[in-house]
Amino acid sequence: MFERGFKTWCEKYAVDARSELNLKSSDPLDPRKLAANLKIRVWTPDQVPGLSAESLQILLRNDGKSPSCWSAVTLVVGTRIVVVLNSSHSKGRQSSDLMHELSHRIRGHETHDMEASPAGIMLLSAYDKKQEEEADWLSGCLLLPREALVWIKGNHIDPNEAAQIFGVSKRMLDYRMAMTGVNRQYA
Ligand SMILES: [Zn+2]
């Protein structure tokens, strides 16, 4: 379903992103540090300038999501790219939502129907299915690259503890272990 070489590219990107931050290939990667390195700001909804909570909700409703269950959105504010995270969600959820939004930017996904709000803020949304699949795969890979999975298995780290260390859900860990074949390798 992905372009040839996409998964390999993701693994390499996950390793390169770590080395730029002086991390080992198997180290956890904090999405906020990656965002800072990519010069992408991370805001809570109340930090969006010139935008009332009400307007933000309208903006978010245009995204096809109900305001109470939205996760993260990417905004263009002047020349800056800002990811707004729903701060009412758990830390783990915010991490994976942020990594997902960063992945769209890393892949240079373009969006359609961009419209500036009266405050001059543009919302990047309405990605197509292929772009969503790419962002999902890349974000999982950034959080848990193959070398991290091998490190977890090789050191017999308890899965729940490993999920904590890498700031991901147990479900995400299980998914990555299965999809990369690391599970089979250590079975
Ligand atoms: Zn997305």
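## The sheet

Welcome to this predicted model, in which four strands make up an open sheet with mixed pairing, in the order β1-β3-β2-β4. Because β1 (40–43) and β4 (121–124) stand at the edges with a single partner strand each, one side of each has no neighbour in the sheet. From one strand to the next, the twist averages 30 degrees. Strands (E, at least two residues) and helices (H or I, at least four) are DSSP runs, numbered from the N terminus, and two strands pair if DSSP finds at least two bridges between them.

Strands of a sheet pair through backbone hydrogen bonds, either parallel or antiparallel. Here, β1 pairs with β3 (residues 80–85) in the parallel sense, over four bridges. R41 stands opposite V82 in β3.

## A helix across the strands

Helix α4 (residues 91–106) lies across β1, β2 (72–77) and β3, and runs at about 45 degrees to β2. Axes here are lines fitted to C-alpha atoms, for helices over the stretch in contact, with angles from 0 to 180 degrees between N-to-C directions. Two residues are in contact if their C-beta atoms, placed from the backbone, lie within 7 Å.

Helix α1 (residues 6–20) has 15 residues and spans 21 Å from its first C-alpha to its last, close to the expected 21 Å. That expectation is 1.5 Å times one less than the number of residues.

Which residues of α1 are buried? They are C10, A14 and R18. These cover an arc of only 70 degrees around the axis, so they sit on the same side of α1; the arc is that of the directions from the helix axis to the C-beta atoms. What covers the buried residues includes α5 (129–143). On the face turned away from the buried side are the exposed residues T8, D16, S19 and E20. A residue is buried if 20 or more other C-beta atoms lie within 10 Å of its own, exposed if 12 or fewer, and partly exposed in between, with C-beta atoms placed from the backbone.

N22 follows α1 and lies in the loop between α1 and α2 (31–37). Its phi is near 60 degrees, a positive value in a residue other than glycine. N22 is exposed, with 7 other C-beta atoms within 10 Å.

H156 lies in the loop between α6 (146–154) and α7 (159–166). Phi of H156 is near 50 degrees, again a positive value in a residue other than glycine. H156 counts as exposed because it has 8 C-beta neighbours inside 10 Å.

## Reading the numbers

Residues are numbered from 1 along each chain as its sequence is written. As this is a predicted model, local features need pLDDT of at least 70 and side-chain atom pairs count only at pLDDT 80 or more, while totals for chains, interfaces and linings use all residues.
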